[in-house]
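Please look over the structure below before reading on.

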Amino acid sequence: MTRESFVVEHDSSVKETIATTPVGSSVKDKGKGRKMKSSVKAHLPLIILGVVFIGVLIGLIVVGVLLGQERKKVEDLQNTMNGHAAVNATTQSPGGGTGPGGTSVTGTQFLGINLNGVLTNQIDPINYELFLKIHLPNLKSITLHVRHEVPADSKTGHILRFAKDKVTVTKKAERTAVVVDSLEYLTSDLVVINLASTLVVNAEYVLKIEFDGFIAQDNQGLYLSQYMKDGHLRNLIVSQFQAFKARRAFPCFDEPGYRSTFTTTLQYPKRFGMTRTNEDVDPRSPSSEVNANGLLWTKTVYKTSARMPVYLNAFLVSDANDFKFHEPIVMAQNYSTSFPAFRVNTIGNAELVAGPNNRRDGRFAAEQGRDMIQALTQWFEQPYTISKLDQAGVPDFSAGAMENWGLVMYREASLLYQPQVSTADQKRGIAAIIGQELAHMIFGNLLTCQWWSDTWLNEGFARFMQYELMYRTKPRWNLKPMFTYWVVREAMSQDAFTTTHALSDPSVETIADIERMFSTITYAKGASILHMIKGLMQETPFFNALKQYVKVNADIPTRPELLMTELDKVYNSASDKLSERLSKWIYQKGYPVVTVSRNYDSTNPNDISYTQKRFLLPVAPGSSAPVLNETDTWDVPLTLISGAIKDDLQAALQAANLPCWVSSASGEFNSKSFPIVVSLFSPKTNRGAGTDQTYNFIIANVQQFGFYRVNYDISNWNRIIRALGAYTSGSRTTIRTKKLITHNRADQLGTGNQYEIPLRLINIYLTKEQSYGPLASAMDNLRYIDQMLRGTPNYPQFAAYMQNLAGQLYKKSMWETNWKDSWTTADQESESSYGNIMFNTLVIETACFYGVSDCLTEADTRFAAWVARGKDRAFTADENLVQTKNLVLCYGMREGKPSYWKFMKELLVVPGTITSSKLSLLRGMACSRDESQLHEVLMAAIDPHIVRSQDENAVFGYLNKFNEAHVLTWEFVQREWSNPLLTNRANVVATFGSSLKTKWRIDQLKALFERAKGGKDAKDIPEGATFVRAIERAEINRLWVEKHGGNIAALVAQLTPGTDITPTA
């Protein structure tokens, strides 16, 4: 996964086949790959049905829905669903829960159940038979099932409703009934079915439940999405079950360690002819029509699915005329003689994927899906066993995308690509999201983490593989150098806070814990650690180990030790076990900064010394941040290379991938102790600190395979700066500047003048840079300084320096870069220019932002030309505008005429304007300098008729670009905090509250926090934790400005881009 209202009549049921296992025995569960031991006596006759977490969770969700609907001033809308479900399962010995519960739980214990909601292993679900009847009447009223419908003495608020007489348990072999004694809602959303007699060990039983469910409007569970068609509001039913929302649709064993097959039947109004689930329609049971209560229904039975966790179930029900397929691509057997054939489809808005004027926006997704799934299955020698691969783009999808097996869901804008309208970066982004979701077909679907404590085995692998798949399917895009910038730096940024978490966290138990694991750490750090392992092992051995890991553990829940076992078998070291070296990277929070120093005294036999300590951003005084272990160390794979070597640099880089492991907090060594790299260092006669030794410097963490930062002694830094000043172009320059600038963001160094070295590095070289990655990394660091100084007396000096720097980079010809698409033959785009396009657009953005006059003039000229095209052609294909449209709209609006605003405002409300075009308009309008216009953008951001709730955060982000909009938005948030249309409050606080830096603004943030709490504790309001973090971050900002603002202003006043200054140390 790369995050309203109506009546649904559910003649729904779940029938599960289950099986028993001897109580008190120790068994190896084939399906789950783990040991389980009993903690209870055999006479306890129970079935524990995992409607896990429903009580408290649904109570909270329903309250949230009610508040949201109240805020939107809409009527209550009743979402009902009835159905039945039968589960065929086998009983197991209780205890040793799927998650961290088991026999060792804190607090009350019952049958080995952790009362936070983790199930035991005494039931093994084999197959679900789902029958769901979905009714979509006109939207005229809303009625929600909330706590007041639960008995007054009950503390649970379950929404999936079923009575005891609707629950049956039957022994499968003899078809004899087991009497249901009672239902007990043991915890917030854990129901226990008490039986009158004991279940027979190792027998299969069928559990059937008839229940009333609901269809939500919060983009979670089984929910309603809506869209306009020909001026009418249309309905669409979509599902999103990860990580714990399947229980909102039907009673189930809702944990990743349980794998079952699913046989689904849907019944729906006949006009909803586009219905999809994970599998194709079962040809043995053709769809039939049912006439009930004067309505004509269609009943469709689908083929039984593969074994999978319950959260991978997916449903899509829509009007057949509105949602259509792009022509399917059949993956014939000839792409791999041993694998079955299947189809790759793109499903979406009919006008987009198969509409008039040759709109074929689904084609790229279908072809990219084909190429990536083919590469994946051949790579790991695992067939794609489902008969189809549907990729569906839907209007409302908070998760962004979801890897449901056979029916992958995407937010519409994340799937559909329109040549000469969508930008190069949008195309790359779509390919990346498709790569992430299809990587899950193996890492997540075929191999699923046993419990959410190891979510990175799903999500970290998928993030890592999305880039590997892009390298293979789009090699001309040349994205390999971008992994460090896009992924590693993102992970390091978040992992530098005290509030981070380890990749594998055995403390995960509650809903909040699970949600916390779907984080940047899980995705980006997980991918970064895999990137590090690949660098250590080299590519071929690494993927051989992964292939074996997949082969051995397919179709069973997985754990880190299963991965480590296969890596150890392949890792080529007689003395080291890779699993031991990697343990701290997986189970310990954070990462180190390694300071490498040259010993310039030639009489010392050890010419290198080092220290390592955890890299942390500052903590505000009085912070509630957790107490840290300051002695944490890691097994650091330290690699070194010398700047003295001028020839055959690539061979040197390959040799430098063999590390020297650094485990202690400090030490020293002779560079000759490094394997192979020894020959790369200068002779000891060149170890002097004299200024004539221009090239005699060292670089550590070569190509940044290691997940750690690097610092050097000041003499080594000065040598690096001199070397950068001497270089003009070539591979040496690119590699070194990428390493140096990427490694040393402006807030990295912890001693001395923190900003002198990074700013000197950037100043002396950046105007010579020609690659996007190093430039983007440097600009990120400079943007951080900009945000800190903005609105302070020191900002004008910094802005003047940046204008000078950007002016030297900027060229008018950068506006002319095009991205030409041609579908007449395969792969004819000029895709090798991707890096150039991104480089040019970043330079234009920076130059216009800091007021380079030539840039602003060109933006205004191009904006006027765009307006002259008229409203009808505003968003038609134009290869000369596509890459720079967002820049033209922003800076044309910022520098333009009042008529420009009128033109954009009218476009915004044109019926049928697609979401991506609306967001492009609002991005430009948010650049206005006019307060009244900015206020209109703010009101549009919270107007559900203009901006979908999932996109509200994006619009507020646009308003954080310029200081005048930032100030106005913060005032708006305070004033409108109680406005029911302001729905994404936590994200607004995170964006705007965290960037405050003056005492009086921070006092405003604290006062708003008190208003939001309303006398409650912080933990009892949805935005509580966000407020706490925002206040701490704002206090850090205030201290930063006080400490560094004046020094940076004084420093940049001395700097001239392309030259250096005399070092202060």
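Helix α8, which covers residues 520–537, has 18 residues and reaches 25 Å from its first C-alpha to its last, close to the 26 Å expected at 1.5 Å a residue, where the expected span is 1.5 Å times one less than the number of residues. This is a predicted model, in which local features need pLDDT of at least 70 and side-chain atom pairs count only at pLDDT 80 or more, while totals for chains, interfaces and linings use all residues. Residues are numbered from 1 along each chain as its sequence is written, and side-chain values use heavy atoms, with hydrogens and water left out.

**Helix α8**
- Helices (H or I, at least four residues) and strands (E, at least two) are DSSP runs, numbered from the N terminus.
- Of the 18 residues of α8, 17 are buried, so the helix is largely enclosed by the rest of the structure; buried means under 20% relative accessible area, exposed over 50% and partly exposed in between, with a 1.4 Å probe and protein chains only.

**Nonpolar core**
- The largest nonpolar core has 280 residues, and those with the most contacts inside it include Trp 585 and Phe 250; such a core is a set of buried Ala, Val, Leu, Ile, Met, Phe, Trp, Tyr and Cys residues joined through side-chain atoms within 4.5 Å.
- Not counting residues up to four places away in sequence, Trp 585 touches, among others, Lys 525, Ile 529, Met 532 and Pro 592, contact meaning heavy atoms within 4.5 Å.

**Strands**
- An open sheet of 4 strands has the order β14-β15-β20-β17 with antiparallel pairing, two strands being paired if DSSP finds at least two bridges between them.
- Strands β14 (221–229) and β17 (274–276) stand at the edges with a single partner strand each, so one side of each is left without a neighbour in the sheet.
- Strand β15 (residues 232–240) is joined by 2 bridges to β20 (residues 316–318), and Val 238 stands opposite Leu 316 in β20.
- Elsewhere, strand β29 (residues 592–598) pairs with β36 in the parallel sense over 4 bridges, and Val 594 stands opposite Val 710 in β36.

**Arg 247**
- Arg 247 is found in the loop between β15 and β16 (261–269), and Arg 247 is buried, with a relative accessible area of 1%.
- The side chain of Arg 247 makes a polar contact with the side chain of Asp 254 at 2.7 Å; a polar contact is a pair of N or O atoms within 3.5 Å, where within protein one must be able to donate a hydrogen and the other to accept it, and residues adjacent in sequence count only if both atoms are side-chain atoms.
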